[in-house]
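We'll hop from stop to stop, and at each one you'll get something to select and something to look for.

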Amino acid sequence: MSLEGNPAEARHSLRFRFRGAEVALDRFSPRALVLDWLREEVGAKGTKEGCAEGDCGACTVVLARLHNGALAYEAVNACILLFGQLDGAELITIEDLDEGGALHPLQQAMVDHHGSQCGFCTPGIVMSLFAAYHSGAPATYAGLCDQLAGNLCRCTGYRPILTAALEICDGAPDDRFATTTQERAAALAALDDERDVFVGDETSFFAAPASLDALAALYARFPDATLVAGATDVGLWITKQLRDLKRVIWLGRVAGLDVVSESPDGALSLGAGVTLTEATRLLSAIHPDLSELMRRFGSVQVRASGTVGGNIANGSPIGDIAPALIALGGKVVLRKGARTRVLPLEDFFIGYGKQDRAPGEFVLAVETPRPGASQNYRALKVSKRIDEDISAVMLAALIDVEGRRIAGARVACGGMAATPKRAATAERALLGASLDEPASWRAARAALSQDFTPLTDQRASAAYRMTVAANLLEKALIEISGASAPTRIGMLHAAE
Ligand SMILES: Cc1cc2nc3c(=O)[nH]c(=O)nc-3n(C[C@H](O)[C@H](O)[C@H](O)COP(=O)(O)OP(=O)(O)OC[C@H]3O[C@@H](n4cnc5c(N)ncnc54)[C@H](O)[C@@H]3O)c2cc1C
Ligand code: FES
Ligand code: FES
């Protein structure tokens, strides 16, 4: 089996590093998960299962990968990580932190500061902190709160955990991982053969194409295959819906799918494979609200695995990136075979669970302009919890101002319809409104009920959603008018 017709070029095994050695496997289920492999096959039970859906962090492990020649350590949720996603990485679990029978400095600090009681969350918390310990920068209180947003502890309370972490995560790691960086980086470089990976046969396989052409050819041949990027959605299809995925195409090895570029007019293009962690950095430079939005997107673990393309392609009505970029005038770039096409992002979402994507077609990139000098942008998310929670309502607005009058408006919402959607009637109602006359915004508030018929579900009632959307629009306008400075939870958090 080959991806582009030459069987000799594909590698028929998965290769990764684990406990100082290379693991090569030529047979495994395409739906196998890292947590199950660790606990059931390896007997490494230090990594726990709590929720099995990426929410609690009990299963946190660290992947070390080469980024631009340097080792980067990322905390990820093993419960929703496909086994095949380990290809090319070093897998580090809580058992590996042992320093010749002694505790790792982080573990010792957790003991010293009473950072653990029942201990169920502790391996996951230590692994999240281990990634921070090796991040190359001294940890801050706010940074550590973010780092642990995806790790739930029910009994200890976070203060002693943060005290332990602040003491140890000083930007100068001093453990056996720090002293073996060069050898381990060289071992990972040796795994990077740039070959397509295909494990299995035509009826059941895990494939990881290495190029865009190989991906296009393979997906054209198996349009019913499941594309997997970070698996932060797909992993839950396995653990919660018990879906039996037979043909899996993982996008994590596709060279060129994570390219970031900027057009001469300043528009930013994010390859579909750009992780949410990387997107946070890039989108934050467009507007501070995108920084806040992305910081509240899932958790460190979810952002390390999840991708921009996955967030768009899943067509979720409550996905955060789509409304944020629709308001900015974003576009999606699709590829099928050798052909690419570009669509306004809002036109990509046709109906619930339905996108304008042909069989064998995949998301190549997402493009977004930056706000112009006369344009004011706001992106506001409301969820039940601040951290690691899907939006109940998300509203983004780009308001063009001439003098003190609104000369143009793009307003998009998530959580208000079966798809991320523009509020066309409210946009029209805003035209000509004055920033100095809040009464002139009322028609736009009211018009939202013509644009949307939201659902009642476990996150929010329809009435709550409608009221929140109207209030978010008004909040955006109050801020843009200058009557109030922006208020965001992240600002308080950073000041702590
Ligand atoms: C605990 C938790 C918290 C979360 N919090 C948030 C949140 O705050 N906001 C939010 O919006 N989402 C959230 N999510 C959802 C999820 O993390 C995001 O939607 C994420 O962006 C999905 O990206 P992925 O790469 O993991 O996608 P995957 O799970 O790999 O794929 C998702 C879907 O997209 C398809 N796909 C992936 N890449 C492509 C491509 N290039 N072309 C075509 N199809 C493709 C897959 O086939 C699948 O249908 C959360 C998830 C979890 C588990
Ligand atoms: S078990 Fe809860 S995040 Fe994995
Ligand atoms: S120590 Fe019990 S859940 Fe954290």
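Let's begin with a word you'll need a lot: a residue is buried if it has under 20% relative accessible area, exposed if it has over 50%, and partly exposed in between, using a 1.4 Å probe and protein chains only. Helices (H or I, at least four residues) and strands (E, at least two) are DSSP runs, numbered from the N terminus.

Two bits of housekeeping. This is a predicted model, where local features need pLDDT of at least 70, side-chain atom pairs count only at pLDDT 80 or more, and totals for chains, interfaces and linings use all residues. Residues are numbered from 1 along each chain as its sequence is written, chains are lettered from A and ligands numbered from 1 in the order in which they are written, and side-chain values use heavy atoms, with hydrogens and water left out.

**Stop 1: helix H14**

Select residues 321-328, which make up helix H14. How many of the eight residues in H14 are buried? Eight of the eight are, so H14 counts as mostly covered. Colour them in: Ile321, Ala322, Pro323, Ala324, Leu325, Ile326, Ala327 and Leu328 are the buried ones. Just past the end of H14, click on Gly329, which takes a positive phi of about 90°.

Now pick out Ile326, which sits in H14. Ile326 counts as buried because its relative accessibility is 0%. Contact means heavy atoms within 4.5 Å. Setting aside neighbours within four places in sequence, Ile326 is in contact with Leu345, Glu346, Phe349, Arg410, Ala412, Pro420 and Arg422.

**Stop 2: the largest nonpolar core**

A nonpolar core is a set of buried Ala, Val, Leu, Ile, Met, Phe, Trp, Tyr and Cys residues joined through side-chain atoms within 4.5 Å. In soluble globular proteins, nonpolar side chains tend to be buried together.

Which members of the largest core touch the most other members? Select Ile249, Leu283, Leu290, Ile312 and Tyr377: out of 56 residues, these are the ones. H14 gives this core its largest share, seven residues. Zoom in on Leu283, which, leaving out neighbours within four places in sequence, is in contact with Leu268, Leu270, Leu290, Met294 and Leu325. Another core lies apart from this one, with 36 residues that include Leu82, Ala89, Val199 and Phe206.

**Stop 3: helices H10 and H11**

Select 276-284 for H10 and 288-295 for H11; their axes come within 7 Å and cross at roughly 160°. That crossing makes H10 roughly antiparallel to H11. Here's the scale: angles under 35 degrees count as roughly parallel, over 145 as roughly antiparallel, 65 to 115 as roughly perpendicular, and the rest as oblique. The axes are lines fitted to C-alpha atoms, for helices over the stretch in contact, and the angles run from 0 to 180 degrees between N-to-C directions.

Show the side chains where they meet: Leu276, Ala279, Thr280, Leu283 and Ser284 from H10 against Pro288, Leu290, Ser291 and Met294 from H11. This contact divides into six nonpolar, three polar and no charged residues. For those classes, Ala, Val, Leu, Ile, Met, Phe, Trp, Tyr, Cys and Pro are nonpolar, Asp, Glu, Lys and Arg are charged, and the others, Gly among them, are polar. H11 is mostly covered, with six of its eight residues buried.

**Stop 4: H2 and its partners**

Select H2 (105-112) and H5 (158-168), whose axes come within 8 Å and cross at roughly 140°. That makes H2 oblique to H5. Pro105, Leu106, Ala109 and Met110 in H2 meet Ile161, Ala164, Glu167 and Ile168 in H5. By class, that contact has seven nonpolar, no polar and one charged residues.

**Last stop: Lys45**

Finally, find Lys45 in the loop between helix H1 (34-42) and strand E3 (60-67). Is Lys45 buried or partly exposed? Lys45 is partly exposed, with a relative accessible area of 44%. Beyond neighbours within four places in sequence, Lys45 is in contact with Arg39 and Glu95.
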